[in-house]
Amino acid sequence: MLKRTLFAEEHILFRDSVRKFVEQEITPHHLQWEEDGVVPRDLWRKAGAAGLLCADVPEAYGGPDCDFLFNVVVTEELGRGGFTGPGFSVHSDMASTYVANFGSEEQKQRWLPGMVTGDVIGAIAMTEPQAGSDLRGIRTRAVR
């Protein structure tokens with residue numbers, strides 16, 4: 001087995017807390033959420049309180065300003081259980097990153113703190129009639 005050297009001690013400790021969160025807050029309910037077709041908003045707030053959301057958001061916007069590997073740990077632990085229902089990775093790795101890197105100062109102040117706490121849920125939607133959700137199939141181009 002290949003020894004992983006990517007993670008530091010703080011990531012390993014964080015992984016333990018993420019794993020416990022998943023076991024307590026997701027595992028017992030995931031099947032029902034899949035049947036219902038919805039993940040309760042309360043889970044998002046619990047995840048925010050546990051520090052599972054938007055780990056790399058700067059402190060100025062309510063985040064812990066940790067490195068991206070904390071987001072990776074969350075994604076790995078959800079994947080370990082086969083839990084795709086909670087869209088934490090789209091929220092933390094993509095949507096909040098777009099706001100943090102490309103949003104105006106006003107947008108960052110308005111949206112990022114709520115994304116960190118789980119009060120605001122970020123998502124991304126990109127599509128065209130011929131492409132559906134296959135982003136490689138999108139043909140729209142911006143031309144000056």
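Me: Where is Asp93 placed?
Reply: Asp93 sits in helix H5. Helices here are DSSP runs of H or I with at least four residues, numbered from the N terminus. This is a predicted model, in which local features need pLDDT of at least 70, side-chain atom pairs count only at pLDDT 80 or more, and totals for chains, interfaces and linings use all residues. Residues are numbered from 1 along each chain as its sequence is written, and side-chain values use heavy atoms, with hydrogens and water left out.

Me: Is Asp93 buried or exposed?
Reply: Asp93 is buried, and buried means under 20% relative accessible area, with exposed over 50% and partly exposed in between (1.4 Å probe, protein chains only).

Me: What polar contact does the side chain of Asp93 make?
Reply: The partner is the side chain of Asn71, at 3.3 Å. A polar contact is a pair of N or O atoms within 3.5 Å; within protein, one must be able to donate a hydrogen and the other to accept it, and residues adjacent in sequence count only if both atoms are side-chain atoms.

Me: Which residues does Asp93 touch?
Reply: Leaving out residues up to four places away in sequence, Asp93 touches Phe68, Asn71, Thr75 and Phe88. Contact means heavy atoms within 4.5 Å.

Me: New topic. Where is Cys54 found?
Reply: Cys54 is in the loop between helix H3 (41-49) and helix H4 (69-81). Cys54 has a positive phi of about 55° although it is not a glycine.

Me: Why does Cys54 count as buried?
Reply: Because its relative accessibility is 0%.

Me: And where does Asp65 lie?
Reply: Asp65 lies in the loop between H3 and H4, and has a positive phi of about 55° without being a glycine. Asp65 counts as partly exposed because its relative accessibility is 46%.

Me: Last one: how far apart are Arg110 and Tyr61?
Reply: They are 49 residues apart in sequence and 8.8 Å apart in space, C-alpha to C-alpha. Arg110 is in helix H6 (residues 105-117), and counts as exposed because its relative accessibility is 58%.

Methods. Helix = DSSP H or I, 4+ residues; strand = E, 2+ residues; numbered from the N terminus. Lys, Arg positive; Asp, Glu negative; His and termini not counted. Salt bridge = Lys/Arg side-chain N within 4 Å of Asp/Glu carboxyl O.
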